[in-house]
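Here's a quick briefing to read with the model open beside you.

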Amino acid sequence: MKIIESKKETSTGNLYHYCPINNLKINKTDCTICTYHRATDENQASYKIHCGATGTAELIEPDPAKAYDTHKKLKGLALCESGDHIWIEPKLDGVRAIVHCTPNGVFITTRRRDKTGSYSQIQNNVPHLRGHSFLEELGKSGYTILDGEVIVPVVNEQTLPLTMGVVGSKPERAIALQQETGMWLSLNIFDILFLDGQDIRQNQFYLRRSILETKIPNDIPHIRLVDGYVELDSRKRKQAYHEALDNGLEGIIIKDRQAAYGASHAWLKVKEKITLDAIVTGFEAGSVGGKYQDTIGAFNVAVRTPTGALEEIAKVSPGDDLTRAEMYAKLNGLTEQQILDLGIVVEMEAQRWTTGENPRLRHPRIVRYRPDRSEPNTVDLSQYK
């Protein structure tokens, strides 16, 4: 058992200590949600943490494998014509997670690097995964690294925002969000890099997949093996892509079964892009307490219907901070009609149309502003309703 004494920040007077697991500076509140926390002795001037961690975890930090959107002059749906990529998986709309199952505990990193250059850790945001018995047992037999995605257990337009809300918050808030909604992030595993301390990244994908199928039980809470299968017919791979969209997913990932982990173009992401011109009809301020609460959070943008009416199709970020500030200075205080009269047209790019009563662009972004245009595209939205 370790006894860790608090320190005081000179500038603020706040108390803190260093976690022996990841050597990060934390406070006593964040510490109490850790599985290794045993007790806290405190008085007005300091505190002591009783920590059950057996040692410091030095994490191996392999770069996560990348999925490409072009291959041998193929792109979009045409990627399904590649004869090498015959393994199909759904493309999930969550946050990439590399799971380190170590003798010192379970650690989960994202693709984002912190100010020290290490991949950011999020295991304290998901204590049900950090303390999951299955992951802990994997670590006891030797350092094992899994590749996957954490995601809320719903499939709709709020999947990514809800997931990002948990991942991007401080641990206390992340836990509260999951408690409030009853939706604890699930871990969807699709690859394995290390097993029992052995680096198996050079093994062919189908061998690594076989290990996962042997290791991961069915029906364990919050953890699942991502579905996948072999399809030799390129037409059926294209059909699988459209079925994925119909089910509310981003698309599909197709993989080369013979490739090592991280090999160039071993994974391809299949998704189509929509481009069109839309007109800015207004804006919304950023979230209260957020970086953009006193400026533009998102534009409201619309297209013309065949009858000439304007119909909103997306809320989209106006761009970088400089553009955001310039547009706020230009639009603040104007009515919606005055903003519309300015004729601000933006060239949009998006993944697809949602279907339903009010079709909208999925994952929209502004490619560029179009000062040469004053009218948006005309789009027959009835085909998506």
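A salt bridge here is a side-chain nitrogen of Lys or Arg within 4 Å of a carboxyl oxygen of Asp or Glu. Keep in mind that this is a predicted model.

**Salt bridges**

- Lys72 has a relative accessible area of 65%, so it counts as exposed. Asp84 comes in at 40%, which makes it partly exposed.
- Lys140 and Glu137 form another salt bridge, at 3.1 Å, N to O. Both belong to helix α3 (residues 133–140), and they are 3 residues apart, or about one turn of the helix.
- Lys140 is exposed at 61% relative accessibility, while Glu137 is partly exposed at 47%.
- Lys291 and Asp321 meet at 2.9 Å, N to O, in a further salt bridge. Here too the pair links distant parts of the chain, with Lys291 in the loop between β21 and β22 and Asp321 in helix α8, 30 residues apart.
- Lys291 is exposed, with a relative accessible area of 66%, and Asp321 is partly exposed, with 38%.
- There's also a network: salt bridges that share partners join Asp277, Glu347, Arg368, Arg370 and Arg373.

- Strands β2, β3 and β4 make an open sheet in the order β2-β3-β4, with antiparallel pairing. The edges are β2 (7–8) and β4 (25–26), each of which pairs on one side only.
- β2 meets β3 (residues 15–18) over 2 bridges, running antiparallel. Lys8 has Leu15 of β3 as its bridge partner.

**Strand β11, covered on both faces**

- How many of the 8 residues of strand β11 (residues 95–102) are buried? It's 8 of the 8, so the strand is largely enclosed by the rest of the structure.
- In a regular strand, side chains alternate between the two faces of the sheet. For β11, Val95, Ala97, Val99 and Cys101 are buried on one side, and Arg96, Ile98, His100 and Thr102 are buried on the other.
- One partner is β14 (residues 144–151), which pairs antiparallel with β11 over 7 bridges. Within that pairing, Cys101 has Thr144 as its bridge partner.
- Another is β12 (residues 105–113), joined to β11 by 5 bridges and also antiparallel. His100 stands opposite Phe107 of β12, and the two strands form a hairpin with 2 residues between them.

- Asp93 is found in the loop between β10 (85–91) and β11. With 8% relative accessibility, Asp93 counts as buried.
- The side chain of Asp93 makes a polar contact of 2.9 Å with that of Arg362 and one of 3.3 Å with that of His363.
- Beyond its neighbours within four places in sequence, Asp93 is in contact with Glu149, Ile151, Thr159, Leu160, Glu250, Arg362 and His363.
- Thr159, one of those contacts, lies in helix α4 (residues 159–167). Thr159 is buried, at a relative accessible area of 3%.
- Leaving out neighbours within four places, Thr159 is in contact with Asp93, Ile151, Val152 and Val154. A polar atom of the Thr159 side chain lies 2.9 Å from the backbone oxygen of Val154.
- Thr159 and Gly94 are 65 residues apart in sequence, yet 7.1 Å apart in space, C-alpha to C-alpha.

**Helix α8, one side in and one side out**

- Which residues of helix α8 (residues 321–331) are buried? They are Thr323, Arg324, Met327 and Leu331. These cover an arc of only 100 degrees around the axis, which puts them on the same side of α8.
- Over on the other side, Leu322 and Ala329 are exposed.
- The cover over the buried residues of α8 includes β21 (274–285), β22 (296–304), α9 (336–341) and β27 (365–369).
- Just after α8, Gly333 has a positive phi of about 90 degrees.

How values were computed. Residues are numbered from 1 along each chain as its sequence is written. This is a predicted model: local features need pLDDT of at least 70, side-chain atom pairs count only at pLDDT 80 or more; totals for chains, interfaces and linings use all residues. Side-chain values use heavy atoms; hydrogens and water are left out. Two strands pair if DSSP finds at least two bridges between them. Helices (H or I, at least four residues) and strands (E, at least two) are DSSP runs, numbered from the N terminus. Buried means under 20% relative accessible area, exposed over 50%, partly exposed in between (1.4 Å probe, protein chains only). A polar contact is a pair of N or O atoms within 3.5 Å; within protein, one must be able to donate a hydrogen and the other to accept it, and residues adjacent in sequence count only if both atoms are side-chain atoms. Contact means heavy atoms within 4.5 Å. The arc is that of the directions from the helix axis to the C-beta atoms.
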